[in-house]
Amino acid sequence: MKHILTMHLDGNSFLPATEEEKAYMVQMRPSSTFFKDGVRRLLKNPVATVSFFVIVFIVLCSIIIPMVWPYSYSEQLGNVGSASVDASYNNLKPFTYGTSEQEKIDAGEFVFPHLFGTDSSGRDYFIRIVYGTRISLAVGFFASLIVLIIGLVVGSISGYFGGVVDLVIMRIVDIIYSLPDMLMVILLSAALRETNLDKAIEGTVLEKIGGNIISLFIVFALLYWVSMSRLIRGQILSLREQEYVLAAKAAGAKGSWVIRKHLMPNCISVIIISTALQIPSAIFTESYLSFLGLGVNAPMPSLGSLASDALNGVSSYPYRLVIPSIVISLIVLSLNLFGDGLRDAFDPKLNN
Amino acid sequence: MEEISVHNQRTDRSRRHARSFSALFDSKTLGYILKRLILTVITIWVVITLTFFLMHAAPGGPFNSEKAITQAAKEALEKKYGLDKPLLEQYFTYLKDIVTKFDFGPSLKLRGRMVNDIIFEGLKTSALLGLAAAVLALVNGVVLGAVAALNRNKFVDRVIMVITTAFVSMPSFIMGTLMLIFFAVTLGILPANGEEAGGMIMPIITLSLSPMSHITRLTRSSMLDVLGQDYIRTAKAKGVAKWDIIFKHALKNSLIPVITYFGPMLAYIVTGSLVIEQIFAVPGIGRAFVKSIINRDYTLIMGTTIVLAMLIVIMNLVSDILYKVVDPRITLE
């Protein structure tokens, strides 16, 4: 029986909450961050995940195998010193051996097999492929890093200062952008090849890397920063004007908070994605240049120069061409697919 | 007056024509075209300047590698080719010759031959190769893209996407050499040398594969976009036949984004042909270019780079303007 004066209110509704009811309100899961969300989305994408593991596998192989392999990429097996004494080591087919090695095997000793045979100078081809992969990956990675740094600096300056600085920088960017890049890359490499960088960097840390690879880096640094700087400038310009930045400022957020919580997360995903997609294109370009004979110096191999060298004996030793070709394609393909996956997972604008 | 006469006979075709005609000449478009034109001219000038100074900055003159050459003979050679003059004077002469006569001077290594002759001789072969590859890429790409879009997420679509993804990730020289191994070495059905009869088949196909894949992906995504549009639904509701919808409405509109790819496609074909001509021994401009780099034939390197760069830059300009003219909905900044 309800009384009119109680206004049908149930007194029980105003009792303190029990422990059980309190537990209901407790946060069951920690709130997910942007990064965690992205990783979760990335792992849901089987193609990107598989590509990621392929890349990790190739990278680990290219680092570890040269440490444990009994042959080196430049060692000519038929040579004693610099003189060629045993031509039987040249152009070995896979799993065949040179004469002195064959004698050892006949005597019961173990000789490490030449998985892919040897090349025309008697160098173990498997380790050359592994080493070439390492060079190609390193060139791709560091070239992208250089592009990222230059693009980041120029793009931020352009976006931050605006006005005349922005105008001048963007006109320069426009012109470099409309240059036919590949032709300019070839031309630059052809010119840099003549400048004898090896002498200039003698005695410095750079000497180990070699003049040709440095000139590759210079080429990348000169030409490919433009799209990165355009991207970063655009990001900074558009993010500065976003409503949520204004809202954060109106709510009393400090500049550092806005940068940390709003600008960085939104900027960084775009930067990472385009850097990830830059790596395969750098590897592509390096192999192309090496194929034209403008890439790394002999005896240092890269996948492109290995393919180029193999072209001469293609009818007798087609596998020498097929193997580096497959490795390049695999690297570029999996990096591209992984980059696409990254973009799908980390670009918040694509999600809605 | 002309405007009115166009107005009077408004058939379907002429209306469309009039629209694009007026779109081409409204002030905003004109401004855009002018801006692009200026940028193109500046780009070509930058290419010429860069090429010139890069080639002259490279140490080791063109005649250094020659054996048994006396100092006097070297000086005579340098004088003959104008290399003894100050660099700036050489530059302005070079620039003037290009602008007024389109003349790139004599080749330094192939005695008695002009760079122009070498370039245009090679360009005939290369243009045939590039044009055939472009047409092949366009036809195959559009067909495959349309088929993929119409069978979205079905088996055919998946197969097409996998193949095109693989082609995009394969450098041109790898495709070329794999084709060479398979068709010329293993099967022996096609000649490996580009100068033999039928020798151009493989280079053309190889060169077309990567642009074909790009066009396939472009056509597929834009076709999917168009198929979701209201006017397609309207056409369906009106009872228009399926193939009429596909050809008259969907395909036609989804081809517009493909135009933007013409510029990059030419750039790809030019750089691709550098190695493809090398692999298949095609006597084109690409092979001449690679040879000139190896020979350090500076005038030939400069001439070839500038001509090829001009081609690419102008093609970019044309495809950008064409894009605007074909689709009046597109606004330009």
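Predicted model: local features only at pLDDT ≥ 70, side-chain atom pairs only at ≥ 80, totals over all residues.
Where chains A and B touch, 32 residues of chain A and 38 residues of chain B take part. On the chain A side, at least two residues each come from helix H6 (163–178), helix H7 (181–194), helix H12 (255–291) and helix H14 (318–346). H14(A) provides the largest share of this side, with eight residues. Sorted by class, the side of chain A that touches chain B holds 21 nonpolar, nine polar and two charged residues.

Twelve residues of domain 1 of chain A are in contact with nine residues of domain 2 of chain A. Helix H5 (125–161) and H14 of chain A each supply at least two residues of the domain 1 side, and H5(A) gives the most, with four residues. This side is made up of seven nonpolar, two polar and three charged residues.

The axes of helix H14 (residues 285–295) of chain B and helix H15 (residues 298–326) of chain B come within 8 Å and cross at roughly 140°; the crossing is left-handed. From H14(B), the residues Ile285(B), Ala288(B), Phe289(B), Ser292(B) and Ile293(B) meet Leu300(B), Ile301(B) and Thr304(B) of H15(B). Six nonpolar and two polar residues form this contact, with no charged residues.

Conventions
Residues numbered from 1 in each chain as written. Chains lettered and ligands numbered in written order. Axes fitted to C-alpha atoms, helices over the stretch in contact; angles between N-to-C directions. Left-handed = near helix turned anticlockwise from the far one by under 90°. Contact = placed C-beta atoms within 7 Å. Nonpolar A, V, L, I, M, F, W, Y, C, P; charged D, E, K, R; others polar.
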